[in-house]
Amino acid sequence: MRVTQLRLYPVKSLAGADVESARVEPWGIEGDRRWALVDPTGEEVTAREERSLLRLRAEQVDEETIRIHDGDASILVDIPLGLPPIPVSHSRQGFAPPADQDVSDWISERVGRPLRLVWQEEPRMRRMSGAHGGLDGDTLSLADAGPLLMTSEASLARLQEWVDAGDAPTELEMVRFRPNVVIDGDEAFAEDGWPTVRIGDLELRTAEPCDRCVMTTIHPTTLATGPEPIRTLSRTRKWDGKTWFGTRLVPLGEGEIRVGDEVVPG
């Protein structure tokens, strides 16, 4: 098995960008989901509530800078320097320094509501929840529950077969599931049972399968919503009151991973 795609999401809930290689740190891929959006009260705002966020795309420029795109328009965003943190509602986070006001104004104008872009200054301070498979010392970016998300082309192909057999066939793009790592796979959903996996030279631990939310029902280009894939997952991949696709991984060290790396289950 091999890695077929790597994807980085510098801003939580914005569209991301494919990369050929990525540096993996204990809390996730370097630069992944270190930025997020909040409302004027500091309450987290994601594409679950505001799907227009997916129309914006963020890419990493260098270690200190990202660029956010809206079609042909874009804006550079630098890590905040010297700005006082503001309260945020991200679990186990508490406070985060905001980007310059002109950046937040630029985003707010495009989304149609006042928003602040905030930066996670120190991911070592955000502990991963034990309810999601975190162990003592595991830390996390601003991702929902795990440092990395891995999905399998074999699993998506099986899910697509199930959807196509229903009364309203819907094409499922892998980007709906917002993975960091995509593998070609061997057997559909085999990744559910892997305690560990080695990608290239990097060892990772499976924390848990990934429970899926309404964001997967949003078409990544048109932003139209529909019942799939949650409807089919509810019929085929539902337990503990949730639907599941992909696995959350915790790095057991640091290192580089690349498209084409060998994937070996543990």
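Visitor: What are the ground rules for the model?
Guide: The model is predicted: local features need pLDDT of at least 70, side-chain atom pairs count only at pLDDT 80 or more, and totals for chains, interfaces and linings use all residues. Residues are numbered from 1 along each chain as its sequence is written, and side-chain values use heavy atoms, with hydrogens and water left out.

Visitor: Why is Trp35 called buried?
Guide: Buried means under 20% relative accessible area, exposed means over 50%, and partly exposed is in between (1.4 Å probe, protein chains only). Trp35 has a relative accessible area of 2%, so Trp35 is buried. Trp119, at 10% relative accessibility, also counts as buried.

Visitor: What makes Trp35 and Trp119 an aromatic pair, and which kind is it?
Guide: Rings of Phe, Tyr and Trp (its six-membered ring) pair if their centres lie within 6.5 Å. Planes under 30 degrees apart count as stacked, over 60 as edge-to-face, and the rest as tilted. The structure holds 5 aromatic pairs. For Trp35 and Trp119, the centres are 5.1 Å apart and the planes make 50°, a tilted pair. Trp35 lies in strand E5 (residues 35-38) and Trp119 in strand E12 (residues 116-119), so the pair ties together parts that are 84 residues apart in sequence. Strands (E, at least two residues) and helices (H or I, at least four) are DSSP runs, numbered from the N terminus.

Visitor: What makes the pair of Phe189 and Phe245 edge-to-face?
Guide: Their planes stand at 85°, with 6.1 Å centre to centre. Phe189 sits in the loop between strand E14 (181-183) and strand E15 (196-199), and Phe245 in strand E18 (residues 242-251), 56 residues apart. Both are buried. Phe189 and Phe245 also form one aromatic cluster with Trp162 and Phe177.

Visitor: How do you know that Arg237 is buried?
Guide: Its relative accessible area is 7%, so Arg237 falls in the buried class. Arg237 lies in the loop between helix H3 (230-236) and strand E17 (238-239). Contact means heavy atoms within 4.5 Å. Not counting residues up to four places away in sequence, Arg237 touches residues including Trp162, Phe189, Lys242 and Trp244.

Visitor: What joins the side chains of Arg237 and Asp192?
Guide: A polar contact of 2.7 Å. The term covers a pair of N or O atoms within 3.5 Å; within protein, one must be able to donate a hydrogen and the other to accept it, and residues adjacent in sequence count only if both atoms are side-chain atoms.

Visitor: How do you know that E15 and E16 pair?
Guide: Two strands pair if DSSP finds at least two bridges between them. E15 and E16 have 4, in the antiparallel sense. Thr196 has Arg205 in E16 as its bridge partner. The two strands form a hairpin with 2 residues between them, and Gly200 in the turn has a positive phi of about 60°. E16 also runs antiparallel to E18, joined by 6 bridges.

Visitor: Why is strand E16 described as largely enclosed?
Guide: Of the 10 residues in E16 (residues 202-211), 8 are buried, so the rest of the structure largely encloses the strand.

Visitor: What makes a set of residues a nonpolar core?
Guide: The members are buried Ala, Val, Leu, Ile, Met, Phe, Trp, Tyr and Cys residues, joined through side-chain atoms within 4.5 Å. The largest core has 20 residues; Trp35, Ile107 and Leu117 are among those that touch the most other members. Helix H1 (101-111) is one of the elements that supply at least two residues. H1 gives the largest share, 4 residues. Apart from this core lies another, of 18 residues, including Leu8 and Trp194.

Visitor: Which elements cover the buried residues of H1?
Guide: The cover includes E5, E8, E9 and E12. Among the buried residues of H1 are Val103, Trp106 and Ile107.

Visitor: How do you know that Cys210 is in no disulfide?
Guide: A disulfide is a pair of cysteine sulfur atoms within 2.5 Å. The structure holds 0 of them. For Cys210, the nearest cysteine sulfur, that of Cys213, is 8.1 Å away. Cys210, at 5% relative accessibility, counts as buried, whereas Cys213, at 26%, counts as partly exposed.
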